[in-house]
Amino acid sequence: MRIFVLALLLCASLASIAQKKSFEVNTKGYSIGTIFRVIATPKINWIRGKHQVGVGPSLLLISKSGRFVTKEFQPVGLQQSYRFTPNESNSKVKLFFYEELTFQVINHKWETHEWDNDGQRYDQYKYINSEYLGLLNVGYGIELQLYQGLFIRQSVGLGIYYSASESEELTPGAPELFNEDVNINGYPNWGFTYGFNVGLEYKF
């Protein structure tokens, strides 16, 4: 969380001296363990020379685990980005390097059925698991000018993640979970991740 606060302070400091601004819709796909997710982030960017920082909210679109694909459509957090473009020429194709910090809170609802010996039936109990996920990615990409002020970007990157989870009962009288901090997604609390970005940006 401290890293994210420092990143936001960096955005604020560059915003105060920015020469240009832009609006961007960025789509990010990333993989952790056996899970692949896609998020969309509308961002405001502040640009000064070869440097650009941005920040915006993230929306989880798709979550894929093995053969199962789930359309999520839930707001999950914030994304901060920094981009460095070595060549600021008038070329329509430019190489850039980037850093991207994403903080997400992802809620998963799930249920279980327990046999009731007294009632001779299965009782349904519902739970919710909240995952607190931080991702730090670095990589490179290419920016292509489509029209005056309108650009499309594609990038790839590697990074690290940290995940913490907690679960609670939604059904009154549900059996307490044996370990409320267990990660139901099946991957370690930290590790490496990779992903790609596709973005559409308008500079003004």
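## Buried charges and a nonpolar core

Glu201 and Arg83 are both buried. These two residues form a salt bridge, with their closest N and O atoms 2.9 Å apart. Keep in mind as you look around that this is a predicted model. Here is a short tour, starting with the charged residues and moving on to the nonpolar ones.

**Salt bridges**

- The structure holds six salt bridges.
- Glu201 sits in strand E8 (residues 190–203) and Arg83 in strand E4 (residues 68–84), so their pairing ties together parts that are 118 residues apart in sequence.
- Glu201 and Arg83 also belong to a network of salt bridges that links them with Glu24 and Arg153.
- Another salt bridge joins Lys28 to Glu100, where the closest N and O atoms are 2.9 Å apart.
- This pair links distant parts of the chain, since Lys28 is in strand E1 and Glu100 is in strand E5 (residues 93–116), 72 residues apart.
- Both Lys28 and Glu100 are buried.
- Arg37 pairs with Glu131 in a salt bridge whose closest N and O atoms are 3.1 Å apart.
- Arg37 counts as buried because its relative accessibility is 0%, and Glu131 counts as buried because its relative accessibility is 0%.

**The nonpolar core**

- The largest nonpolar core has 11 residues, among them Tyr30, Ile32, Leu133, Leu135, Tyr161 and Tyr187.
- Strands E1 (20–32), E2 (35–48) and E6 (121–147) are the elements that give two or more residues to this core.
- Beyond its neighbours within four places in sequence, Tyr161 is in contact with residues including Ile32, Leu133, Leu135, Tyr187 and Trp190.

Conventions:
Residues are numbered from 1 along each chain as its sequence is written. This is a predicted model: local features need pLDDT of at least 70, side-chain atom pairs count only at pLDDT 80 or more; totals for chains, interfaces and linings use all residues. Side-chain values use heavy atoms; hydrogens and water are left out. A nonpolar core is a set of buried Ala, Val, Leu, Ile, Met, Phe, Trp, Tyr and Cys residues joined through side-chain atoms within 4.5 Å. Buried means under 20% relative accessible area, exposed over 50%, partly exposed in between (1.4 Å probe, protein chains only). Helices (H or I, at least four residues) and strands (E, at least two) are DSSP runs, numbered from the N terminus. Contact means heavy atoms within 4.5 Å. A salt bridge is a side-chain nitrogen of Lys or Arg within 4 Å of a carboxyl oxygen of Asp or Glu.
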